[in-house]
Amino acid sequence: MGKTKLILTLCCISSILFGQQYYSHYTTANGLPHDITYGIFQDDKDIIWIGTDNGLAKFDGQDFTIFNTDNGLRTNYIIDIDEDDKGNLYLASWGGGVHIIRNDSVVIPEIMNDSLEKLNNISVLNDTVLVENSRGNYLYVKNGKTYNRNNYVIYKNENNSYVLKEPDPHERPNGKLSFLDNEMIVYNGSFHLPNKVEKLRGIYRVVDYNKLVRTFPFFKNTIVQSVTKLSDKNYVATQKDTLFFFNNHRITLETTAAIEDRIIEKIIPISADMLLVLAKDYNGFKKAYLHEISKNETSDFSKIIQTKSPISDILKDHEGNLWFTTHGDGVYCFYKNDIPISFLNENALPEVNIKGIVELKKKIYVLTPNHLTSLVDLKRDQVFNLKGISKQLIKLNDKEIAVNFLGEEEKDRNSFLKKTAAYRTFKVDSIGVIIHADSLEIPSLKTSIEENRTLLDAVFFKDTLWFATSTGPSYYDYQTKTLKDKSINGKTLASKQIKQFVKRNDSLWVATTKGLHLLNKNEIKRYQTKDGLVDDHINTMLVDHRNHLWIGTQKGVSVFNGTNFANITENTGLLSPYVEVLFEDSRNKVWIGGNKGISLINNQKPLKLQSAPSIVSSQNNTSFDYTIISYNRPNALLAEFKIDENKWTAIENAKGKLHFDTLNSGKHRFKLRAKKQDGVWGYTPAYTFNVTLPWYKQWLYVFALVTTMLALVTFFVMKRLRQIKKRNLVLQQAIENQQKLESELNHVRENIAQDFHDDLGNKLARISLLSNLINKEVSNDNRKLSTKVKQINADANDLYLGTRDFIFSLKSNSDYIEELVTYLSDFGEDFYSKTRIRFVLENKINQNIRLPYYWSKQLIYIFKETMTNTLKHSACTEVRLTFTYEKNTLSICCTDNGIGITADEMNSNNGILNMKKRAEKIGCQLVITSEEKKGTTVSFIGKTA
């Protein structure tokens, strides 16, 4: 079995081959007391316990709690762990005998004839503790408050019957005692008889110590070395490298495992067809293997871990995660993942930044910034070079596909491929193809519209042609043949930045940068991360063949079945957390494209929701301690509590204490629930508690006190109100006058902006057009005149762009932060679109505040200058523009990953000095920080109130 197939079987998704972490590695750096670890165990509350060379570690997915000699242990060397039916933990130690952990406290049991030698394994059944060491098997049988300790070996008496007896001092230990089906069993013994050594063959049940009865008679001639129960009626036994699968009646399968001349010591079933095997060599060093039953294939899992330290123990926890302890390299936990993800080979594509995917005539076409690649059976078929920066790939019909790109228009000899110098092409029901280039072309309506905004999608919904824009929804007005801004069905979305529409029956899904919106009849429903969505910033959507909605976001993919979300993230195997493209092919395989390549998911079966995490909770009167346990995603948990019949209240932390002593007096009910983001809820039992208020909080005392205070307050308030009433009349008149002046000022600003646009803007555009025409007519011989005409054209274009900024700042709505964010983000996206610089916008503003007058103009000039300088001087590959607004403070940061600016350049650069002066004009601060070869950050900080 290959390494990739091995990890897919584990559902860990190729963590080693692809360099992504689908496991956790715990060492002393994470809180583990020592990197030499031994036994690992999960108790009935799903808490993990680990024996180490420096004490016992308790791990709840959040924190390690350490038990050592400071807490009462007799030694810090803890070798093995087991649990009884009352929840008490039993520890086998080296140099300290047996310990008990009861309610998180160390208890040293009273044991007759106890010994402090090294104990290797420990098992508990009712009041009997079975311990193994180098001298054989020890039984600790409880007798009242003490334990009787006895050492047993297997012996063949004069009647040729097998019994257990105390060994003579010269006798060597033999045989293996264990528990199976709530009974003690014996196997793997050897006896020194006259002139020969006889091996114990088969498995025996201990009726009493003087009588061993053979069980599973079909093992009569087999030397069994380990026995494991797989399910209710199925078992597996081993002899060296041979595995015998059997039930109560017969051996059902016999296979051989490739375990390098080792003896199998422990087996854990992972699935119906897969076993995790721990085997040791003759020196006691252990390795872990995976054995696939149906194919009789064995793989060395120790190589996947890539540790030089031997493995000491293995465990499968309640979530299906696999744990490995090691002698010197700490503990590994490999996550279980129910979503089988594969990846497109990195050699299949010339680039990994995915812009579009379509299928045509059994070929998959993948668009990247500079190439279009066709694939057959996931292998590269043909590559088409593009002379420009690609923006979109769309299937026009069963014979043609189209590529939109920013660059020069070119003809292609391939009849199936249409190349268009445009930003977007839309296919809309009842409308047909729409092209968004320098203008918006709607051929079926014989319409061409001048539209400067970014249009991302279009849909025909409720007899209206809607467009998704960067400033909100717009509709096509058939009378004026223009786009007009209007809310869809009168419903306001949480964000104006719409990324995509998806129409299903009479409903419309709307993807925005602040969540998913469903418009259904006259209602609107919003889905966010608190509802299970993996991230609120949505980039794309897809409806699959079973009518499930796939949502691509900045942090992964959510799949919505109408009730619940199943999430696929980088932690669960996704190659690229930033998802820009979703596509389902004719074989129901979903292609997920981002900035790191393509992940593939077989969509034949619905994705599974994660099972509920475990919740450990306890009550102390009106207080409740809780711990939510999940090991594969402890930071992706949702938790809520409920008091009485009130609504569920969210809890931020997965571990803590809740207090309710301030509730109203009386009896109350408490309940806690938790889930993973893409899972089902798990609930605690309902707790009841009583709240009794002290006498000074009871209603009679409070009523008398409040009545007295109200009387006094009323007297002074009435007196004060008479004084204030006169002042309010004067203030009210002043406010009305101010509002009137502001309204008139806004009207003047709008008129000036419109006049500038209609007059100066149109004339500049005409100058630019005429200079272009003149330049074409000028003879090539007259180079001086041609140069001057080109200069006129460049000056006119620069003046027109500057005029746009000035006109925007004149408009009254330019004072709002959302308009400023949209303006600067549109500029950045268009400005860098023809370059290899990636522009990233981070909008962390949750309210559309109004900025002080004159701010927007200065901010536009500052950050357009910043982005221009970045392109000219920084030699960067990424520019990130971040908006934050907290506590009346606006922060705008433009960060690049370029070569940086020296201190001398900062102080001598006129552009930088002018930017700082602009910030000072509006009473704000501009801070520029830079490190050589690490980039530059320009930060604007201003108080809005």
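Okay, some housekeeping. We're looking at a predicted model, where local features need pLDDT of at least 70 and side-chain atom pairs count only at pLDDT 80 or more, while totals for chains, interfaces and linings use all residues. Residues are numbered from 1 along each chain as its sequence is written, and side-chain values use heavy atoms, with hydrogens and water left out.

When I say helix or strand, I mean a DSSP run, numbered from the N terminus: H or I with at least four residues for helices, E with at least two for strands.

Pairing here takes at least two DSSP bridges between two strands.

Six bridges hold strand 49 to strand 50 (residues 507-512), and Ile498 has Thr512 in strand 50 as its bridge partner.

Now for the insides. A nonpolar core, in this talk, is a set of buried Ala, Val, Leu, Ile, Met, Phe, Trp, Tyr and Cys residues joined through side-chain atoms within 4.5 Å. Buried means under 20% relative accessible area, exposed means over 50%, and partly exposed is in between, using a 1.4 Å probe and protein chains only.

So which residues have the most contacts inside the largest nonpolar core? They're Leu859, Phe863, Leu881, Leu890, Ile892 and Phe940, in a core of 37 residues. Several elements each supply at least two residues, among them helix 6, strand 69, strand 70 and helix 8 (910-921). The largest share, seven residues, comes from helix 5. Take Phe863: leaving out residues up to four places away in sequence, Phe863 touches Leu824, Leu881, Ile892, Cys894, Val938 and Phe940, where contact means heavy atoms within 4.5 Å. A second, separate core has 27 residues, including Ala57, Phe64, Trp323 and Tyr335.

The expected span is 1.5 Å times one less than the number of residues. For the 20 residues of helix 6 (residues 855-874) that should be 28 Å, and the end C-alpha atoms are 27 Å apart, which agrees.

On to charges. Side chains of opposite charge can pair when their charged atoms come close. The rule here is a side-chain nitrogen of Lys or Arg within 4 Å of a carboxyl oxygen of Asp or Glu, and the count comes to 34 salt bridges. In one of them, Lys655 meets Asp63, with the closest N and O atoms 3.2 Å apart. Lys655 is in strand 64 (residues 655-659) and Asp63 is in the loop between strand 4 (55-59) and strand 5 (64-67), so this pair ties together parts that are 592 residues apart in sequence. Lys655 counts as partly exposed at 34%, and Asp63 is partly exposed at 39%.

Glu878 and Arg880 also form a salt bridge, at 3.0 Å from N to O. Shared partners then join Arg838, Glu842, Lys844, Glu878 and Arg880 into one network.

Last stop, backbone angles. Most residues other than glycine have a negative phi. Asn160, though not a glycine, has a positive phi of about 60°. Where is Asn160? The loop between strand 14 (146-156) and strand 15 (162-165), and Asn160 is exposed there, at 58% relative accessible area. Asn888 has a positive phi too, about 65°, in the loop between strand 69 (878-886) and strand 70 (889-896). Asn888 is partly exposed, at 39%. And just after helix 6, Ala875 takes a positive phi of about 55°.
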